[in-house]
Every structure is written in C-alpha cells, then in structure tokens.
Amino acid sequence: MKYSKFKSVNNLTDNEQQVLDFLMENNTKVLNLGVRGVAKANFTSTSTVMRLAQKLGYSGFVEMHYKIAEYLNKSKDKIDRSAEAQAILSETPNSILENFAQILNKKDNNYIYIYATGFSATVAEYIYKKLLMLGKKCLISTGGDSIGVFENNLNNISTLIVISKSGETQQVIDKIKMASDEKIEVVSITGNNDNTINYLSDLSIVCKDDYPSDDYNQFSNNFFPNVLFVFERIIRIYEQL
C-alpha cells in the first residue's frame, strides 16, 4: 500500500514502519488496544508509537488513528467515475491516464516542467501546486515569463506538461519543439484531438471543450474544470501504484 499521503513517511525507522503497517491493517481495533496494546503487538515501546504519530504530523495517538481511518475510507471508495471521466475524455482512453500516472511515479532527480498561457495558466498553477504537495520537483512558467526560465533548465527537465485549449498556441508549440530536441518527454492536455500540439506530444490527453471556437473564453465552458477533474483522476491512479 502506498503511504505517500503521510508526512515524513520516508524517514521512518523499521520499527515505526512496522507500527504504521499494523495501524493500517488493524485500524478498526487499535483504539481499543491503545498505545500500550499497539506497542505490545509489535514488540516495541510506547515511545516508538508516539514518535510515529509525531513524525506523521499528528498531535497524538488518537488523531493518528482517525487520520489513518479517513485515509483508508477514501482508498476503499467504491464510486466508479470511469463513465463520468469518459464523457469528458473525448479522444483519450484510460490507458493514457495510467501512462501519465506512471510518469509522475518515476523516481529521478529531474524536474517536471509545466507550461501554459492565458486561462490555461490558472489550471497549470493548480497542477503545479498539487505536484509540489506530492513531493515532486516542479517548475512552472506562463506566457508572461522569460523564455530563459525554460531554456536555462533544459538539462534538468525530464517531463514537460503543457495545457492548451485550442492545441495551437504558438508559445506552447515552441516549448514542445525545444523539449523534443532535448529528448524531454512531452505530455499535453488540449480541447480537441486534431491539433498541432497533440501531434507533437509523446502523450496527449483530450478533454471535452463545449466551445472550441471561443478563443476568448467568453461563454460557460467545461474545458478548464474538466482538465482539473481528469488530473485528479490521474492522481487517484498514481496513489494506487
């Protein structure tokens, strides 16, 4: 089971990891066992249990129990949103989302670079902050930033994520071409399947766009919230890897 949700989980001792595994597997009965019972069941001390709670960022044993219970309940959520997602993903099979999640799960020291302009930049900012919360090394820039932000970090970038409603934003296309020249993997999110950015990308995700000709985003449009919905679905897949 993946424990990346918890703070400092990578810094646990073997004894603390054993206690965490025990709490995850026996969550319904640990309150009755109490700190001493949990310690005894794991052949360790009560201080180990309390130190685990502190490392995970909780005030004590009881708070740790309830936070783990909350995590487990979310993990066991049986609501299948695949049909809802497919209504949004006009041209993208679920396997593409799984591939995106695998990219996020890669272990390397390079950066994920996120780029977008206009309204797409707002969505890009959310994705950037979400990935930072997951402990990913990320950089972001938008149309108003200097090209040097991207160019000066090319050697340290493993993946470029771009968002473009039209799929024809020239600034985005220029970044993709530069990334491709440097063998950087490109993931794109656009509003239609037939566009330049999709053709240039290694992995392309197409989200439903109610008004593809609305370049100024004047009308009510689901594209941007759809991108966030799909990205959160990707994060759900990532959490289960």
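Buried means under 20% relative accessible area and exposed means over 50%, with partly exposed in between. The model is predicted. Phe119 has a relative accessible area of 48%, so this residue is partly exposed. Phe224 has 12% and therefore counts as buried.

These two rings form a pair. Their centres are 6.2 Å apart and their planes meet at 40°, so the pair is tilted. Phe119 sits in the loop between β1 and α7, while Phe224 belongs to helix α11, so the pair ties together parts 105 residues apart in sequence. Phe119, Phe224 and Phe223 form one aromatic cluster.

The count of aromatic pairs comes to 4. Another of them joins Tyr113 and Phe150, edge-to-face, at 4.9 Å centre to centre with 70° between the planes. Tyr113 is in strand β1 and Phe150 in helix α8 (residues 148-151), 37 residues apart. Tyr113 is buried at 0% relative accessible area. Phe150 is buried too, at 0%.

Two lysines also meet rings. The charged end of Lys137 sits over the ring of Tyr111, 4.7 Å from its centre. Lys175 lies over the face of Tyr115, 4.3 Å from the ring centre.

The largest nonpolar core has 33 residues, and Leu131, Ile205 and Cys207 have the most contacts inside it. Elements giving two or more residues to this core include α6 (94-104), β3 (157-164) and α11 (223-239). Helix α11 gives the largest share, 9 residues. Leu131 touches, among others, Leu104, Ile112, Ile161, Phe231 and Ile235. Apart from this core lies another, of 19 residues, including Ala53, Leu56, Tyr58 and Met64.

Definitions and conventions:
Residues numbered from 1 in each chain as written. Predicted model: local features only at pLDDT ≥ 70, side-chain atom pairs only at ≥ 80, totals over all residues. Heavy atoms only, no water. Core = buried A, V, L, I, M, F, W, Y, C linked by side-chain atoms within 4.5 Å. Buried < 20%, exposed > 50% of the residue type's maximum accessible area, 1.4 Å probe, protein only. Helix = DSSP H or I, 4+ residues; strand = E, 2+ residues; numbered from the N terminus. Contact = heavy atoms within 4.5 Å. Phe/Tyr/Trp six-rings, centres within 6.5 Å; stacked < 30°, edge-to-face > 60°. Lys NZ or Arg CZ within 6 Å of the ring centre and 35° of its normal. Lists of a residue's contacts leave out its neighbours within four places in sequence.
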